[in-house]
Amino acid sequence: MATDLDHKAFDRLASLYAVGALNTSDRTRFENHLELCHQCVNTVLSLLPIAHALTRAVPYSDGPAELRTRICKTDTSSPPKQDSHGKEVPSRITFNVAATVCLLVAGSLGWYASQQHNMARLLEENLDAANDRAVIAEIQAAVALAAQQEANQHTEILTAQDLIMVDLSSYPLAPSARGRVYWSNEQDILLTASGLPPAPVGRTYYLWFVPASDPVSGGPLTLDNEGRITAVVTAPAGVSAPVPMAVTLEPDNDITAPSGEAYLFGRGTN
Amino acid sequence: MAVDTPSSAPSDGNLLDRFIKGDGRAAIELYERHGDILFSLAFHIVSDRSDAMDIVEGVFRQVRTGSYRYETSLGSVENWLLQITRLRAINCLRKRSDSTQDSELATGHLPQPTQHKELNACSKAEVSKLRNLLIAMPTLQRVALELAYFEGFSVRQISERLEHPIETIKETIHEALLTLHSTRR
């Protein structure tokens, strides 16, 4: 896992990465960092839907009728474009042989040049596509590796010798919500929850540890589309056994104390 | 914009398969479902109708010839076509400015979704909200984000173009994305 110091050097790069704004060398550096930093993986994953949805947020224009016609021709093995200016071929039969030969030669050269042009265009397009595919494959590999490392981390927690489980109970606001904390001092703490309603705009779920009278933030929690949370968190300093924990809904700002509604609560082992 | 299709209509995946095998009707149907949004995106990026038409036609041709292969892990067919269109439009801009070999160029490639269901569920209301948020955004945020996303500028290039420090641009784009992210909650 990346330390906070390592992470700081990459702060804000997740956003640039998500919108494709890193150059090749920065991108490679950041992808190497992604293999170690779950925080950045989570940030990238949370921003991806927006990065992809932006393509749909452009001003709307109807596609021209001519484009539809051109697309219709795409399925017929894409013949070279015809000259659309409708130049007429001279019909007089009094051309002499030399002129005919010249025309044939010129026509052949024109046809040849046109073929070469089309071939060059197709090669260029294929090269672009091959480059795109290579980058896509690299990215898929990086994201898959990050996901694998996240899964490994969960496994390490779940199989830790000192594992203690704490169930989280629901509150009336979300009676079907359920949660469980897997606590390992050797590894880390894994929180899973389900059945939570989507957070309204401007609000985020937070985890709180209550080691004594003052709750300590365990950080914001990201809800997936199914209302589930899976998060690895670190115990507050000086806390080495499960303490009471709660999940509450809070304003987006950085907050130091809970003020919102509670959705889940666990008593710990104190 | 994806057209709502009745349940009896073929899926986009089915149309894509048929199109690749040379079914002309599938090509037309795919275009009728997604052509307008693909053209809108290309036109927004290159600001030229003729270039935008070339780009969309090129996307269909490349898909037809198998240069790009769709996988369901890449999200919806429309999302996939949009991303190809965006990359080709950015390439078109770079060819215009003869800057395709600049090592400082942003790659332009978005990370691929691993939770692709989220990408398929972009409702008209969400798109409308996203568009309104973009319009209402502080100018620096909007311009920086658009240069990055729609023109393929790297953060260094944006910094030079807008005459703001690189760190400011990083922060600006981050804030812009967080604002837009609120539409998904």
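Predicted model: local features only at pLDDT ≥ 70, side-chain atom pairs only at ≥ 80, totals over all residues.
User: Two residues are in contact if their C-beta atoms, placed from the backbone, lie within 7 Å; which residues does Thr179(B) touch, not counting residues up to four places away in sequence?
Analyst: Residues are numbered from 1 along each chain as its sequence is written, and chains are lettered from A and ligands numbered from 1 in the order in which they are written. Thr179(B) is found in helix H9 (residues 166–181) of chain B, helices being DSSP runs of H or I with at least four residues and strands runs of E with at least two, numbered from the N terminus. With residues up to four places away in sequence set aside, the residues touched by Thr179(B) are Leu133(B) and Met137(B).

User: Is Thr179(B) buried, partly exposed or exposed?
Analyst: A residue is buried if 20 or more other C-beta atoms lie within 10 Å of its own, exposed if 12 or fewer, and partly exposed in between, with C-beta atoms placed from the backbone. Because Thr179(B) has 18 other C-beta atoms within 10 Å, the class that applies is partly exposed.

User: What distance separates the C-alpha atoms of Thr179(B) and Met137(B)?
Analyst: Met137(B) is one of the residues that Thr179(B) touches. These two residues lie 42 residues apart along the chain, yet their C-alpha atoms are separated by 8.4 Å.

User: Which elements are included in what covers the buried residues of H9(B)?
Analyst: H9(B) has 16 residues and reaches 22 Å from its first C-alpha to its last, close to the 22 Å expected at 1.5 Å a residue, the expected span being 1.5 Å times one less than the number of residues. Its buried residues are Ile169(B), Lys170(B), Thr172(B), Ile173(B), His174(B), Ala176(B), Leu177(B) and Leu180(B). Both chains contribute to the cover, which includes helix H2 (13–18) and helix H4 (38–53) of chain A together with helix H6 (124–136), helix H7 (139–151) and H8 of chain B.

User: Is Glu163(B) buried or exposed?
Analyst: The place of Glu163(B) is in the loop between helix H8 (155–162) and H9 of chain B, and its phi is near 55°, a positive value in a residue other than glycine. Since Glu163(B) has 6 other C-beta atoms within 10 Å, the class is exposed.

User: How many residues has the largest nonpolar core?
Analyst: A nonpolar core is a set of buried Ala, Val, Leu, Ile, Met, Phe, Trp, Tyr and Cys residues joined through C-beta atoms within 7 Å. The residues with the most contacts inside the largest core include Ala18(A), Val44(A), Leu38(B) and Val56(B), and H2(B) gives the most to this core, with 11 residues. By domain bounds that come from an automatic or database domain assignment, the core draws at least three residues from each of domain 1 (1–98) and domain 2 (121–185) of chain B. Its size is 71 residues.

User: Over which residues of chain A is the pLDDT below 50?
Analyst: Chain A averages a pLDDT of 76, and 68% of the residues score at least 70. Among its elements, helix H1 (residues 4–9) has the lowest mean pLDDT (62) and strand S2 (residues 178–183) the highest (93). The stretch with pLDDT below 50, which has five contacts in the model beyond near neighbours in sequence, covers residues 78–95.

User: Which element of chain B has the lowest mean pLDDT?
Analyst: Chain B averages a pLDDT of 82, with 79% of the residues scoring at least 70. Over residues 113–119 of chain B the pLDDT is below 50, although this stretch has 19 contacts in the model beyond near neighbours in sequence. H2(B) has the highest mean pLDDT among the elements of the chain (93), and the lowest (48) belongs to helix H5 (residues 117–120) of chain B.

Note on methods
pLDDT = per-residue confidence, 0-100.
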